[in-house]
Amino acid sequence: MADSKSGTPNIQDVFLNYARRERLAVVVHLLDGRELEARIKNFDRFAVIVEHNGVDHLVFKHAIATIRTPRSVPNYFSSHHP
């Protein structure tokens, strides 16, 4: 997804798309202190659908503190620049 003002991709979308495409097991830290080890299945502006223990969960982005990946994400915008 691109930022309509600058034409550059949204860093959040790039991160989430990478984790989804690579089927990375991520740790989602929620603001209430809970953690979910999950795989990102889909997302939009407001929510992320993750699979945790074989069950899909709809997690609102405003409830997420951080999402940790097991490995570094490559240069976020390398695929968008010539």
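Tutor: Let us start with secondary structure. Helices (H or I, at least four residues) and strands (E, at least two) are DSSP runs, numbered from the N terminus. By that rule the protein has one helix and five strands, and from the N terminus on their order is α-β-β-β-β-β. The model is a predicted one, in which local features need pLDDT of at least 70 and side-chain atom pairs count only at pLDDT 80 or more, whereas totals for chains, interfaces and linings use all residues. Residues are numbered from 1 along each chain as its sequence is written, and side-chain values use heavy atoms, with hydrogens and water left out.

Student: What percentage of the residues in the protein is buried?

Tutor: Burial is judged by relative accessible area: buried means under 20%, exposed over 50%, and partly exposed in between (1.4 Å probe, protein chains only). Of the 82 residues, 33% are buried. Areas themselves come from the Shrake-Rupley method with a 1.4 Å probe, and for residues only the protein chains shown count as cover. The accessible surface of the protein is about 5800 Å², and carbon and sulfur atoms account for 52% of that surface.

Student: Which residues have the most contacts inside the largest nonpolar core?

Tutor: A nonpolar core is a set of buried Ala, Val, Leu, Ile, Met, Phe, Trp, Tyr and Cys residues joined through side-chain atoms within 4.5 Å. The largest one here has 17 residues, and V28, I40, V48 and V50 have the most contacts inside it. Two or more residues of this core come from each of α1 (11-21), β1 (25-30), β2 (35-43) and β3. For V50, a contact means heavy atoms within 4.5 Å.

Tutor: I49 is found in strand β3 (residues 47-52). At 32% relative accessibility, I49 counts as partly exposed. Patches are made of residues with over 30% relative accessible area and no salt bridge; like charges are joined within 9 Å, and nonpolar side chains (Val, Leu, Ile, Met, Phe, Trp, Tyr) within 5 Å. I49, L58 and F60 make a nonpolar surface patch of about 280 Å². Apart from residues up to four places away in sequence, I49 touches R39, I40, K41, N42, D56, H57 and L58.

Student: How many salt bridges does a search of the whole structure find?

Tutor: Side chains of opposite charge can pair when their charged atoms come close. The criterion for a salt bridge is a side-chain nitrogen of Lys or Arg within 4 Å of a carboxyl oxygen of Asp or Glu. The search finds three. One of them joins E22 and R71, with the closest N and O atoms 3.5 Å apart. E22 lies in the loop between α1 and β1 and R71 in the segment after β5, so this pair ties together parts that are 49 residues apart in sequence. E22 is partly exposed at 40%, and R71 is partly exposed at 41%.

Student: What is the N to O distance in the salt bridge of K41 and D56?

Tutor: The distance is 3.0 Å between the side chains of K41 and D56. K41 is in strand β2 and D56 in strand β4, so the pair links distant parts of the chain, 15 residues apart. K41 is partly exposed at 39% relative accessibility, and D56 is partly exposed at 44%. A salt bridge also joins R34 and D32, at 2.9 Å from N to O. R34 is exposed, with a relative accessible area of 53%, and D32 is exposed at 52%.

Student: Which side chain of opposite charge is nearest to K61?

Tutor: Lys and Arg count as positive and Asp and Glu as negative, while His and the chain ends are not counted. For K61, the nearest side chain of opposite charge is D13, 4.6 Å away; K61 is buried yet has no salt bridge. K61 lies in the loop between β4 (55-60) and β5 (64-68). Its contacts, not counting residues up to four places away in sequence, include Q12, L16, F43 and D44.

Student: Where is R23 found, and what is its phi?

Tutor: R23 is found in the loop between α1 and β1. Although R23 is not a glycine, its phi is positive, about 55°. R23 is exposed, with a relative accessible area of 53%. N53, found in the loop between β3 and β4, is likewise a residue other than glycine with a positive phi, near 55°. N53 is exposed, with a relative accessible area of 68%.
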